[in-house]
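Reader: I would like to go through this model term by term. Please set each value against its cut-off and then conclude.

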Amino acid sequence: MSDSVNTPDIPRPAPGGEHHPGESVRRTRAKGEPRFPDGPKADPAGSHFERRIRSFQPRRSRVTAGQADALQRLWSTWGLDIDGHDVDLAELFGNAGPVVLEIGFGMGEATARMAAADRDTNILAVDVHTPGQGNLLNLAEQQGLSNIRVANGDAIILLREMLSPDSLDGLRVYFPDPWPKKRHHKRRLIQPEFLSLAATRLKPGAVVHCATDWEPYAEQMLDVLSAHPDFENTQADGGFAPRPAFRPLTRFEGQGLEKGHVVNDLLFRRVQHRVQHRDH
C-alpha cells in the first residue's frame, strides 16, 4: 500500500519538444494554478480540516510525463475525486457487476493484473499517490481494463460519506503502512473503528483481504479482525491464510521473500447482519 500525499509539478516535454518514457521534468506554475487542470484535485474533500488521526503519511514524489498525460486524458472517464458526494457504483462503472474496494495500490501493477484476470469484477482502487494514479490509468488503457476506476483521496471519507450500505463485494488492503513505532500504532488503518465502518458498506459474505510483510502488524490485524463481531475468519484454524492465487506476487514482495521476510494474508468474511429483536 502506498498511503502518501504529494505535490508534484506538471511534467512538460524536454527541450526540443520531446520527452523520454519515464522522464520526470519540472516547470514553474503560477500561484493558484492547478497541477492537473483536467486531472485529480489536490484536496478533493478539504479533508485537512478534519481532526482525525491519519493512516497515511504525506510525502512528495515526481510525476513522469507519461503519468501526467494519463491523468489529464483519462481522469474524467476513469477517475473519481473523493469529495464527499454520493456515488452510484453501477453508474461509475457502467454496469451492475460486483465491486471490490482496494485501499492503497502503489504503482498499480498488481491491481491491473487482478483486473485483467477477472474482468467481470469491478475494482475501485483508492490512493493519494499521484504517480501511482497515473501509472494505473496508463495500465488500464493499455490493457483495455474498463473494470478499473481510480479514486483520489481519503478512503475513510469514501466509505463514510459516498458509498451506500451493502454496496461492496470485497475489500482489499495490501501492504499498508505498518507504522512500526509504538507511539504511531494508532495510525494503523486496520482498527476496530475502521472495520465497523467498512462492515456497513460490505455485503454479507463479502471478504476482507489484508496482506502485510510486517509481522507485528499481521498479529494485530489477526487479533482485531478475530475480535470483531461483523467478521469471521475463513480459516478453520483461526489463523493466517495461504496467499490466494488471485493476489499477484509483486516484485517488491518477491525481493522481501528472498531476504527472508514473512508475508501474511488474512481473509475474513462479513457475517450476516444481526437481527434486532423487539420485546413485545
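**Values against cut-offs**

Author: Val-100 stands opposite Gly-170 in β7. This is a predicted model: local features need pLDDT of at least 70, side-chain atom pairs count only at pLDDT 80 or more, and totals for chains, interfaces and linings use all residues. Residues are numbered from 1 along each chain as its sequence is written, and side-chain values use heavy atoms, with hydrogens and water left out.

Reader: What makes β4 and β7 a pair?

Author: Two strands pair if DSSP finds at least two bridges between them. Strand β4 (residues 99-103) and β7 have three bridges, in the parallel sense. So they meet the definition of a pair. Helices (H or I, at least four residues) and strands (E, at least two) are DSSP runs, numbered from the N terminus.

Reader: How many bridges join β7 to β8?

Author: Six, and the two strands run parallel. Gly-170 stands opposite Val-207 in β8.

Reader: Why is β7 called largely enclosed?

Author: Buried means under 20% relative accessible area, exposed over 50%, and partly exposed in between (1.4 Å probe, protein chains only). Six of the seven residues of β7 (residues 168-174) are buried, so the rest of the structure largely encloses this strand.

Reader: Where does Asp-169 fall, then?

Author: Asp-169 has 28% relative accessibility, so it counts as partly exposed.

Reader: What makes Asp-169 and Lys-203 a salt bridge?

Author: The term asks for a side-chain nitrogen of Lys or Arg within 4 Å of a carboxyl oxygen of Asp or Glu. The closest N and O atoms of Asp-169 and Lys-203 are 3.2 Å apart. So the pair qualifies. Asp-169 is in strand β7 and Lys-203 in strand β8, so the bridge ties together parts 34 residues apart in sequence. Lys-203 is partly exposed, with a relative accessible area of 32%.

Reader: Which other salt bridges are there?

Author: The structure holds eight. Among them is Glu-232 with Arg-269, whose closest N and O atoms are 3.4 Å apart. That pair links distant parts of the chain, with Glu-232 in strand β9 and Arg-269 in strand β10, 37 residues apart. Glu-232 has 37% relative accessibility and counts as partly exposed. Arg-269, at 32%, is also partly exposed. Asp-69, Arg-73 and Glu-141 are linked in a network of salt bridges.

Reader: Are Arg-247 and Glu-253 buried or exposed?

Author: Arg-247 is buried, and so is Glu-253. They form a salt bridge, with the closest N and O atoms 2.8 Å apart.

Reader: What does the side chain of Arg-243 reach?

Author: It reaches the backbone oxygen of Arg-247 at 2.5 Å. A polar contact is a pair of N or O atoms within 3.5 Å; within protein, one must be able to donate a hydrogen and the other to accept it, and residues adjacent in sequence count only if both atoms are side-chain atoms. Arg-243 lies in the loop between β9 and α8. At 39% relative accessibility, Arg-243 counts as partly exposed.

Reader: Why is Gln-67 called buried?

Author: Gln-67 has 8% relative accessibility, and the limit is under 20%, so it is buried. Its place is in helix α1 (residues 65-78). Contact means heavy atoms within 4.5 Å. Leaving aside neighbours within four places in sequence, Gln-67 contacts residues including Arg-62, Met-107 and Asn-138.

Reader: How do you know that the span of α7 is close to the expected one?

Author: The expected span of a helix is 1.5 Å times one less than its number of residues. Helix α7 (residues 215-227) has 13 residues and reaches 18 Å from its first C-alpha to its last, close to the 18 Å expected. Its buried residues include Tyr-217, Met-221 and Val-224. The buried residues of α7 pack against α6 (192-201), β8 (202-212), β9 (231-233) and β10.

Reader: What makes a set of residues a nonpolar core?

Author: The members are buried Ala, Val, Leu, Ile, Met, Phe, Trp, Tyr and Cys residues joined through side-chain atoms within 4.5 Å. The largest such core has 41 residues, and Ile-190 and Phe-194 are among those with the most contacts inside it. Helix α5 (residues 155-162) gives the largest share of this core, six residues. A second, separate core of 24 residues includes Phe-36, Val-63, Leu-145 and Ala-211.
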